[in-house]
Every structure is written in C-alpha cells, then in structure tokens.
Amino acid sequence: AKGYFTYDPGFMSTASCESEITYIDGDKGILLHRGYPIDQLAEQCDYLEVCYLLLHGEIPTAPEKAKFQKIVMHHTMVHEQLHEFFQAFRRDSHPMAIMVGVVGALSAFYHDSLDISDERHREVAAHRLISKMPTLAAMAYKYSIGQPFIYPRNDLSYGGNFLHMMFSTPCEPYVVSPTLARAMDKIFILHADHEQNASTSTVRLAGSSGANPFACIASGIAALWGPAHGGANEAVLTMLEEIGDESNIDDFIKRAKDKDDPFRLMGFGHRVYKNYDPRATVMKQACDEVLAELGIADDPLLKIAARLEQIALEDPYFVERKLYPNVDFYSGIIFKAMGIPTEMFTVLFAVGRTPGWIAHWKEMVSGPYRIGRPRQLYTGKVARNLKK
Ligand code: SDX
C-alpha cells in the first residue's frame, strides 16, 4: 500500500515507500516534482503554482490558480488567541522552538473540526498550513525582537507578503521590492519538497498512526531543525563567519578532512546527491540577483563561499566522496543579504517545505495505509535469568 514503510536491512538505516510526488536521481543531479525539472519550475512558476502541483499533480490552470490563491491568501491570519501562545516563550527562544510549539498548537484550533478521512477536510488542512506557516514564522521573528505582529496583506504575493510581515512596522510599511519578492518565492520553491528526506519521512511516520496533519507537520519541523538537515543553512552562515577571511580557508579544509575533528563543511554533501544538487545551481543564480539588487555583489562571505566551492570541486578528498554544495550552501547568504537573522534561516526552510510535507501526508492518508513500524537489528544481551 502507498506510504507503507518497508525495512530493507541491506541499507541498515533507510525505510522506503512509494510516492508519485518527487523523483531524485542523485548520480545525475536530477530533481523532478510531478515530472517537471526543478530549474524549470523555479524559473517559470510562482510558489503557489508549485504548491498546487505538489498537492494535485498538475500545474493549475488560470481559474484553478485564482481560486487556490484566493483560498490560501484569505486564510493567512491566525486565530487571535494564538497571539497569546507566543507570550509563553522567552524572547530569546530559538524561532524553531516556537514553530514546533505553535504549529502543533494549530491542532487545538483547527483539527477538532476536521475529519481526515474526508478528502475535502484533508484539502482544508493542506490549505490552512500553507496559508499560516509564513504568518507564524514572521510572528516568531517579531516576537524575538519585541516588535508588534504585522497582519498579512491579501494584495501581495506569497513571498512578498512574508517579507511584509517580517519587516513592516505599524510606523512604516516595508516596501516589497519585486526582485526580492520573486527571490523569496523562488527560494520557497527550491525548498518545497525533496522525496523521503528525514523530515518528510518523520511526517509520514507520524501520519501513519492517524495523527492529525498539524501535529504531523510539527514533527517534521522538529526533525528539520537538526544541523545535518535543515539546520545546515544556519550552520553554513556560522561557518562562513567563523572562517572570516579567505586566508583561513585552508585550516578549515584540513579540519573537514580530519576524522578526529567533528567539523564538517556545512552545506556540502548529501545522502542522495553524488552530483551537484540542482537546487544549489538555481540558488546561486538567485544569490547573484539578490546581491546585485542590493548592491553588495562583493560580499566577503560570498567570496569565501565561492572559494570553498572551488576547492570542494577540485580537492581529491571531496571529489572522491562526491561532496558537492547542497541546497543549504547559498541560501544563508541570500537570507543574510535580505536582512533575515541567522536563527530564522531554518524557519524559512520549514515554510518552504510545508507543501511537500503536507502533499506526502495527503498522498499517504488518501489511500489504504498501515502504521509505519521500522524494525531493528537487536545487538543487545541474549535472554538470561535474573538471580538476585
Ligand atoms: C539537507 O535528505 C535530503 O534530501 C535533505 C535535504 C532536503 O531537501 O530535505 O536535501 C536538505 O538536509 C541537505 C544536507 C544539509 N546538511 C549539511 O550540509 C551538513 C553537512 N553535510 C554532512 O553532514 C553530510 O554530508 C550529510 C548529512 C548531508 C550526508 O551524510 P551521509 O550521507 O551520512 O554521508 P556520510 O556522512 O556517510 O559522508 C560520506 C563521507 C564520510 O567520509 P568517509 O567516512 O567516507 O571517509 O563524506 C564525508 C564523511 O566524513 N563527508 C564530509 C561532509 N559530508 C560528508 N566531510 C566533510 N564535510 C562534509 N560536509
């Protein structure tokens, strides 16, 4: 049955399931969403069209898109009582800690009225999550800097609305530049889905028990937070700032190769891609566009990143292990240039990944499915008797 986890001892740590949503060829560096290459989607679609594609399998027609956009944009506000929920967090809480909490709390606001065995209700859950994730993300940021929450606007694009909620204040609206709004939209597209990665597999496993979609997405956010996964974009920026200058790069390369040193080059390597991550190529183009628009094309961090990339593509250690830049390598530089604080980077990854998570959840629960139950290889004590 779709979504049923099978355990393949040959691969020790993987479970696999069927899906029609995303295809990856790691050796060739190919990523397709419902058959369309990621670079074509990033160049020719906006984020809501890609959300629709992931959920429904086809690019929306103009009327379908208009209807979907109206539904999504007219549900971007969150229940006023959720505003109170934020007050329980310390101001210096990591925004991912807040997101795990408030997205899980959506269960208490929207789940009771939803019957996930009903396709229409599953659709509503998918729409509500896509609508509200950017609002909650911007609220987590505003809460951390002590500014009032900014309400969404229905006349802006999805990416533009997010930047408005992040950077407007009651005293002064943030003027959304079309280039930055488009770049935000493109970045969300590049994060939208990625097959059975750790966080998506977490969402599927949680969903396989019949848990409600809001709790399942909260579990995906928790899994994404780790530095080996979605937390890598934040770790890339921290690494680039720690390197500080091109003259220090060789020391860090040495450390990355040292088995006794836990340091790894953040933003490099991938469990599946043993070729260039196709998203990194598009992200690099977006990075160049944003930095040019902001007049910081010679950002020192970008120079360090470009030098690291060149080394990784030439140094035998990285070449033998097929360690290429991944989706997280350039995203942090763009976010920093846009004025987004480092601790918000993984939150933006979670916002972008929401349609992928919810499409996988929907695909699984829309047909016959069984609870996921990965088996273990027991390596503990053999049975023995207790004699006190
Ligand atoms: C994401 O699954 C997905 O699709 C995830 C994702 C998505 O969209 O959902 O694509 C998003 O999570 C991208 C990955 C972001 N993480 C990072 O950039 C963190 C740095 N990367 C590494 O931690 C690592 O490359 C992983 C976690 C990404 C992959 O780990 P694997 O598949 O377990 O690879 P590995 O650790 O077995 O590495 C193989 C070899 C090892 O050397 P040897 O033991 O063979 O001598 O490569 C080395 C590793 O030591 N290696 C690195 C390295 N990554 C792997 N050495 C230095 N720097 C690195 N970054």
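Among contacts (heavy atoms within 4.5 Å) between residues at least 6 apart in sequence, 75% join residues at least 24 apart in the protein chain. This is a predicted model: local features need pLDDT of at least 70, side-chain atom pairs count only at pLDDT 80 or more, and totals for chains, interfaces and linings use all residues. Residues are numbered from 1 along each chain as its sequence is written, and side-chain values use heavy atoms, leaving out hydrogens and water.

**Fold and dimensions**
- The protein chain has 17 helices and five strands, taken as DSSP runs (helices H or I, at least four residues; strands E, at least two) numbered from the N terminus.
- Its radius of gyration, over C-alpha atoms, is 21 Å, close to the 21 Å that the globule rule (2.2 Å times the number of residues to the power 0.38) gives for 388 residues, so the chain is as compact as a globular protein of that length.
- Along the principal axes, the C-alpha atoms fill a box of roughly 70 × 55 × 50 Å.

**Burial**
- Of the 388 residues, 52% are buried, meaning under 20% relative accessible area (1.4 Å probe, protein chains only).

**Arg 279**
- Helix H13 (residues 278–293) contains Arg 279.
- Arg 279 counts as buried, at 2% relative accessibility.
- Its side chain makes a polar contact with the side chain of Asp 277, at 2.7 Å; such a contact is a pair of N or O atoms within 3.5 Å, one able to donate a hydrogen and the other to accept it, and residues adjacent in sequence count only if both atoms are side-chain atoms.
- Leaving aside residues up to four places away in sequence, Arg 279 touches residues including Leu 31, His 194, Tyr 273 and Arg 353.

Key
Buried means under 20% relative accessible area, exposed over 50%, partly exposed in between (1.4 Å probe, protein chains only).
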